[in-house]
Amino acid sequence: MIYAEIKDMERYRGLGACMDKAVEYLRSHPLDGLEPGHYEIDGNRVYMNVFDYETIEEEGAFFEAHEKYADIHMVIVGQEVVGVSDLSKVTVRQFDRKADLLEVEGPVEHYIHLIPGKALVTLPEDAHKVKLAAGAPAPVRKAVLKVNMEHITEYAGL
């Protein structure tokens, strides 16, 4: 897990070709004014989804992880809490390999408060519970950059 200012994401170049492409995209494309939808950056290797929703109480939240993808969570408008746990601390209930989606259950180890300007990177070893209300449920616009981590060794020549 990485929690940083979006403007400081340059520090994380070198984590793989796809992460570098995602960091470059963030550097050159401001999030302000983005409308909900799907944004292709590099096919299924790097892409972004923008959502509008209302945050919810933790009891109804979905706890997930991914085998291949890292997620870069960024709130554009509003605020949200994301619960994060190491994958070894939770139990996998279901795995949809095609969607790269593990539904998990278990304890949350850390709660991260997302506000505009911050980025939370959940890596494949990070289960994450999203859409949690920061106090009372409220509307949020959020961008999630999906970064394929299977290509992490491309720059190493492996």
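This passage describes the fold and overall dimensions of a predicted protein model.

Residues are numbered from 1 along each chain as its sequence is written, and side-chain values use heavy atoms, with hydrogens and water left out.

Along the sequence the pattern is β-α-β-β-β-β-β-β-β-β-β-β-β. The radius of gyration, taken over C-alpha atoms, is 15 Å, close to the 15 Å from the globule rule for 158 residues, so the chain is as compact as a globular protein of that length. The rule is 2.2 Å times the number of residues to the power 0.38.

An open, antiparallel sheet is formed by six strands in the order β1-β10-β5-β12-β3-β2 (strands pair if DSSP finds at least two bridges between them). Its edge strands, β1 (2-5) and β2 (37-42), each pair on one side only. From one strand to the next the twist averages 20° (axes are lines fitted to C-alpha atoms, for helices over the stretch in contact; angles run from 0 to 180 degrees between N-to-C directions). Five antiparallel bridges link β2 to β3 (residues 46-54), and Asp42 has Val46 as its bridge partner in β3.

Helix α1 (residues 17-28) lies across β2, β3, β5 (69-77), β10 (118-122) and β12 (139-148), and runs at about 145° to β12 (contact means heavy atoms within 4.5 Å).

Notes: Predicted model: local features only at pLDDT ≥ 70, side-chain atom pairs only at ≥ 80, totals over all residues. Helix = DSSP H or I, 4+ residues; strand = E, 2+ residues; numbered from the N terminus.
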